[in-house]
Amino acid sequence: MPSGSWLEASPSVASVASDHPSAFLSPRVSSSAGGGLPRQALIDTLRTRVEAVVLRTDPGRSLAPAPIPATGERASACSFSSSAPVAADWTFGSPEIDRFLPWRGLAAGGLHEVKPETPADGPAAQGLAAALLARRLAVASPPARPLLWAMTWRDILETGRPYGPGLLSFGLVPAQILLVEARRDSEVLWALEEGLRSGALAAVAGGVGALGLTAARRLALAAATYKTPCLLVTPARQPGVSVAISRWRVGAAPGSPHALDPALPAGLRFHLTLERCRGREAGRSWVVEWSDATFRFRLAPAVAGRAAAAELPRRRAG
Amino acid sequence: MPADRPLALVQSLQGRLTLTAVNRAARREGLGAGLALADARAAVPALATLPAEPAADLAGLRRLALWMSRYGLRVTLERPAAPQARKSKIGQHRAAVGAPDGVGLEITGVAHLFGGEPALLADLVRRLAGLGLTVRPGLADTPGAAYAIARATAGRHLADRIAPSGETALRLAPLPAAALRLAPETVTLLHRLGLKTIGDLARLPRASLERRFNSREVTAAVLTRLDQALGRTGEPAQPLAPARRYSVRQSFAEPLVSSEGITAALDDLTRRLAASLAAARAGARRLSLTLYRSDGSLVRLAAGLSRPSHEARHFQRLLADKLATVDLGFGVDLMLLAAPASEPLEAMQTSLAGLTPAGVGEVALLIDRLASRLGAESVLRLAPQASHLPEIAEQLVPALEALTVSQSPGPPERLRSGQAPEPAAPALEPSSAMPGRGARPPFLLPHPEPVAVVAEIPDGPPASLEWRRRRCRIVRAEGPERIAPEWWQPLMALTCRGEPRAGAAPRRQPRTRDYYTIEDEAGRRYWVFREGLYGREEGEAPPAWYLHGLFA
């Protein structure tokens, strides 16, 4: 078996899945049934380990074009050994994180998953998604392509709906957002896939509760085919999507104090953990700060980062 | 009820019960519409009666008329007497005679599609008989003549009921004058004058009619009806459904039962409709697809378009979604695709590579597809509105109605270059860079939620917050930002979820809000407000705290 070809979700499997639209209307929820949860997690960890092993043992890897041969821009971005910065389609804006990622940023043609650390961190996950979308819209070409944001009513009641005046401070222009308010997860998934397949959007984003493997694979395939990123916000306690290119675990972190008055809130900070990343060892975590002025992430100063990390276990226990 | 028993429908007209319709057995007994129920009972004691339902009759007739639009596009409801004839000096009003009792259909230039006029009429009678309806057809050059033939011809033969082109006067001559859609009083008057048939009337010199009637109005009514029947003057018609400018149809020899066949036919229809729209430089804003099922029922599907389009692929994808859910029943024998609303379509500048700018068409198609499946109210755009109240400062508008997504300005320049931090992005929106305005959260709850807050009175920031049964200590706070109710707006009461005091006056005066951005020890950031000022607005209830938005 040629090394490197298996990393892609097998296209033949995916295309078989896409031949059955009915499967999409009723996403499989078997993963929530007994026994499905730990098995999925096990497979996920196994897969990441195997990926890591393959990357380490394959000497031709660093010279080989790419671990994921599907898209051209990834091929150029994935020569790990080169230190020359390659312009990626979608970055955090923080050189440390972008350099760590195999695509010098996030891969534009793929499924990315954002998960809150605890159920109470749902707004943090949404906030990170908003910030990432703002960064994506800024570099998407051609410019002024809209983005699709699909939410179920459950999520709207839980964390609120996108609010234009506030999104402006994230750098998102409200007029470019197409908001879909769906009644069910299946409608969100359908809307996301339609958005991807239209090929006219800069990005699609959505929140779903349960996500079956078939539905996730369809999204991943559509995202790869149309080179449009898909950002999924999923609940904290659901198992992760195995076909996602990257999975981020997000929690709120104490914000930076205001320069003039420490009692005032200033920059928003997130505690970010890269739980899964195709082609990279997972588990790395950062504390990042979103800058309202430059619309980019930057690493929080080390002291603040340590304080946040120290505080984290206590918060989880509570 | 057995068909051979005399049956009549009765209705109370001006204080007395009157027959409005009778069945064949009753007509054989000599009864007819317009007779008082008491007289009818005296003549036929065994007469069974049912209350008349004019509204249901009219609805049924309308449905039948719509069904008839399969033969021709101009369908009218026929009324027996015109208003000016009822305004005669005799003045006896009979409301019942004004109600429509027939369907008119213009088949000019249509009959050959069905194999000629007799074949069309035979097809119509056969199909209606299949629906359990008896029909008295009439076919002539003018609506008036067709009306007269349909109602006054005795013969059942279809050949008797078709007046060939040019023979209208000949066919009408032996028919009674009542068939001319004249008010009953006028007909009585004509009878008294010995003018029993249409032929008698037509032979008379026109000038002498007025002298005989001694009434200009009656003369005018009679002459107008006569001229209309003979085609000497035109007759304005009010088509039931407005004639569609863009419509294509496809009929099938055998009823189509397979969805593949329907899809293929839809493919063809959309291509033809798109071609006719493109030829007229128009784009459809609404589409309506009508499926005529072989059992006489019909299904109407509609789809809206966010911007005018004449792309067959666009139409096809919009309608195919809806078509998938349609029950085809015993098969479909006719499909009609129309664009009831269309707009001139401006030519679009394409780029050198032949692509439309920024995928405008694709976005429109996406919006249409999302809206047609999820409902127009579920696909929204965020529109700013000039208001200080946060929940009003943004309005959600259906994307189908206002498509400016693709015409929006790009992201702010500083974001594009990723450097050069400037204090604020000007020229984005009037409210965004408003000086002195506090931060706004990226996510706003649909309704402010009541929270339990410990705060210093009168206007200290919260020190602790309990929301959704989670308590947290607040370590940083910014505020207050005071937002007063907009007195120039109509009274808008705050609607909150889980209103704590259900017994309080439901519609109280809006109060001033003090907004705070607060951050708890874990770094979660909330946007809360206190409604009401201590000392000034404590009238009905003490000030209360609400959570309105979330930062992260």
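Two strands pair if DSSP finds at least two bridges between them. Helices (H or I, at least four residues) and strands (E, at least two) are DSSP runs, numbered from the N terminus. Keep both ideas in mind for the legends below. This is a predicted model, in which local features need pLDDT of at least 70 and side-chain atom pairs count only at pLDDT 80 or more, while totals for chains, interfaces and linings use all residues. Residues are numbered from 1 along each chain as its sequence is written, and chains are lettered from A and ligands numbered from 1 in the order in which they are written.

**View 1. Strands of two chains meet.** Strand 3 (residues 161-162) of chain A runs antiparallel to strand 12 of chain B, and 2 bridges join them. Look for Pro162(A): its bridge partner in strand 12 of chain B is Phe443(B).

**View 2. The side of chain B that touches chain A.** Here 57 residues of chain B are in contact with 61 residues of chain A; contact means that the C-beta atoms, placed from the backbone, lie within 7 Å. Among the elements of chain B that give two or more residues to this side are strand 10 (379-384), strand 12 (443-450) and strand 15 (470-483). Helix 14 of chain B gives the most, with 7 residues. By class, this side of chain B has 30 nonpolar, 13 polar and 14 charged residues. In this count Ala, Val, Leu, Ile, Met, Phe, Trp, Tyr, Cys and Pro are nonpolar, Asp, Glu, Lys and Arg are charged, and the others, Gly among them, are polar.

**View 3. An open sheet in chain B.** Its 3 strands have the order 2-1-3, with mixed pairing. Strand 2 (16-22) and strand 3 (48-51) of chain B are the edge strands, each pairing on one side only. Strand 1 (residues 7-13) of chain B runs parallel to strand 3 of chain B, and 4 bridges join the two. Opposite Leu7(B), you can find Ala48(B) in strand 3 of chain B.

**View 4. Helix 12 and helix 13 of chain B.** The axes of helix 12 (residues 259-279) and helix 13 (residues 312-323) of chain B come within 9 Å and cross at roughly 145°. These axes are lines fitted to C-alpha atoms, for helices over the stretch in contact, and the angles run from 0 to 180 degrees between N-to-C directions. Residues that make the contact include Leu266(B) and Leu273(B) of helix 12, and Phe315(B) and Leu319(B) of helix 13. By class, this contact has 9 nonpolar, 3 polar and 2 charged residues.

View 5. Leu172(B) is found in helix 7 (residues 168-172) of chain B. Why does Leu172(B) count as buried? Leu172(B) is buried because 26 other C-beta atoms lie within 10 Å; the cut-off for buried is 20 or more, with 12 or fewer for exposed and partly exposed in between. Leaving aside neighbours within four places in sequence, Leu172(B) is in contact with Ala145(B), Ala148(B), Ile198(B) and Ala229(B).

**View 6. The largest nonpolar core.** This core has 122 residues, and those with the most contacts inside it include Leu147(A), Val180(A) and Val528(B). A nonpolar core is a set of buried Ala, Val, Leu, Ile, Met, Phe, Trp, Tyr and Cys residues joined through C-beta atoms within 7 Å. Helix 6 (residues 122-139) of chain A gives the most to this core, with 11 residues.

Terms used
Two residues are in contact if their C-beta atoms, placed from the backbone, lie within 7 Å.
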